[in-house]
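Open the model in your viewer and keep the sequence panel beside it. The stops below say what to select next and what is found there.

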Amino acid sequence: MKRIVAILLLVLMLATLLVACGKTTECEICGKTASCKQVEVLGVKGWVCKDCEKGLKTVGNLFG
């Protein structure tokens with residue numbers, strides 16, 4: 001029983017490590033190399049980091 005629990009925990013840890021690895025690119029706004037997310041603003045797609053994405057959402061909330 002302990003062996004099964006240990007194997008399940010090991011598989012869970014490996015899965016967590018694989019999920020945590022995001023695409024690391026250069027942010028098109030600040031130039032920082034980080035885990036970025038592709039967003040679309042006014043029909044233009046680009047890669048932005050989490051900090052810049054928050055700023056874009058804030059600006060978007062101001063305009064509508």
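**Whole chain**

From one end of the sequence to the other, the protein follows the pattern α-β-β-β-β-α. It has two helices and four strands, where helices (H or I, at least four residues) and strands (E, at least two) are DSSP runs numbered from the N terminus. This is a predicted model: local features need pLDDT of at least 70 and side-chain atom pairs count only at pLDDT 80 or more, while totals for chains, interfaces and linings use all residues. Residues are numbered from 1 along each chain as its sequence is written, and side-chain values use heavy atoms, with hydrogens and water left out.

Of the 64 residues, 16% count as buried. Buried means under 20% relative accessible area, exposed means over 50%, and partly exposed lies in between (1.4 Å probe, protein chains only). Among contacts between residues at least 6 apart in sequence, 6% join residues at least 24 apart; a contact means heavy atoms within 4.5 Å.

Select Met-1, which sits in the segment before helix H1 (2-20). Met-1 is exposed, at 79% relative accessible area.

**Strand E1**

Go to Thr-25 in strand E1. Thr-25 is buried, with a relative accessible area of 16%. Leaving out residues up to four places away in sequence, Thr-25 touches Lys-32, Thr-33, Ala-34, Cys-36 and Trp-47.

Next, show E3 and strand E4 (residues 44-48), which run antiparallel and are joined by five bridges; two strands pair if DSSP finds at least two bridges between them. Pick Val-41, whose bridge partner in E4 is Val-44. Select Leu-42 in the loop between E3 and E4. Leu-42 is not a glycine, yet has a positive phi of about 55°. Its side is open to the probe: Leu-42 is exposed, with a relative accessible area of 84%.

**Cysteines**

Now display the cysteine side chains. How many disulfides does the structure hold? There are zero, a disulfide being a pair of cysteine sulfur atoms within 2.5 Å. The sulfur of Cys-36 has its closest cysteine sulfur in Cys-27, at 5.4 Å, which is too far for a bond. Cys-36 counts as buried, at 9% relative accessibility. Cys-52 is in no disulfide either; the nearest cysteine sulfur, that of Cys-49, is 3.6 Å away. Cys-52 is buried at 13% relative accessibility.

Center on Cys-49, in the loop between E4 and H2. Cys-49 is buried, with a relative accessible area of 2%. Apart from neighbours within four places in sequence, Cys-49 is in contact with Cys-27, Cys-30, Lys-32, Ala-34, Ser-35 and Cys-36. For a distance check, pick Val-39: Cys-49 and Val-39 are ten residues apart in sequence, with 9.9 Å from C-alpha to C-alpha.

The structure holds two salt bridges, each defined as a side-chain nitrogen of Lys or Arg within 4 Å of a carboxyl oxygen of Asp or Glu. Select Asp-51 and Lys-32, whose side chains meet in a salt bridge of 3.3 Å, N to O. Asp-51 is in helix H2 (residues 50-63) and Lys-32 in the loop between strand E1 (24-26) and strand E2 (33-35), so the pair links distant parts of the chain, 19 residues apart. Lys-32 is partly exposed, at 39% relative accessibility.The last stop is the pair Glu-53 and Lys-37, a salt bridge with the closest N and O atoms 3.4 Å apart. Glu-53 lies in helix H2 and Lys-37 in strand E3 (residues 37-41), so this pair ties together parts that are 16 residues apart in sequence. Glu-53 is buried, with a relative accessible area of 13%, whereas Lys-37 counts as partly exposed at 47%.
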